[in-house]
Amino acid sequence: MIQVGDLVVFVKDGAKGVVISIEEKRCQVLWEDDFVSWEQRECLLVATKEQPEQRGR
């Protein structure tokens with residue numbers, strides 16, 4: 001379930017943003033280019049945090 005503060009990816013183009021508000025079936029997202037929009041929840045996926053590459057010694 002998407003929550004305020006989650007990093008999300010827009011499924012249609014891969015854009016990343018942060019959820020700043022939720023109303024019923026829509027989320028307000030602050031995108032990485034500083035644009036803000038309302039999107040349907042089904043158009044968003046919660047992004048997993050990228051792990052830094054681990055190197056062996």
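Is Leu7 buried, partly exposed or exposed at its relative accessibility? Leu7 counts as partly exposed, at 36% relative accessibility, where buried means under 20% relative accessible area, exposed means over 50%, and partly exposed lies in between, with a 1.4 Å probe and protein chains only. The model is a predicted one, in which local features need pLDDT of at least 70 and side-chain atom pairs count only at pLDDT 80 or more, while totals for chains, interfaces and linings use all residues. Residues are numbered from 1 along each chain as its sequence is written, and side-chain values use heavy atoms, with hydrogens and water left out.

The protein chain has zero helices and five strands, and along the sequence its pattern reads β-β-β-β-β; helices (H or I, at least four residues) and strands (E, at least two) are DSSP runs numbered from the N terminus. Of the 57 residues of the protein chain, 25% count as buried.

Leu7, with which this account began, lies in strand 1, residues 7–10, and together with Val18, Ile20, Leu30 and Val36 makes a nonpolar surface patch of about 340 Å². Patches are made of residues with over 30% relative accessible area and no salt bridge, like charges being joined within 9 Å and nonpolar side chains (Val, Leu, Ile, Met, Phe, Trp, Tyr) within 5 Å, and the accessible areas come from the Shrake-Rupley method with a 1.4 Å probe, for which only the protein chains shown count as cover for residues.

Glu32 lies in the loop between strand 3 (26–31) and strand 4 (36–40), and is exposed, with a relative accessible area of 59%.

The structure holds one salt bridge, that is, a side-chain nitrogen of Lys or Arg within 4 Å of a carboxyl oxygen of Asp or Glu. Arg26 forms this bridge with Glu23, the closest N and O atoms being 3.5 Å apart. Arg26 is partly exposed at 31% relative accessibility, and Glu23 is partly exposed with a relative accessible area of 45%.

Ser37, found in strand 4, counts as buried at 11% relative accessibility. Its side chain makes a polar contact with the side chain of Trp31 (2.7 Å) and another with the side chain of Glu39 (2.7 Å), a polar contact being a pair of N or O atoms within 3.5 Å, of which, within protein, one must be able to donate a hydrogen and the other to accept it, and residues adjacent in sequence count only if both atoms are side-chain atoms.
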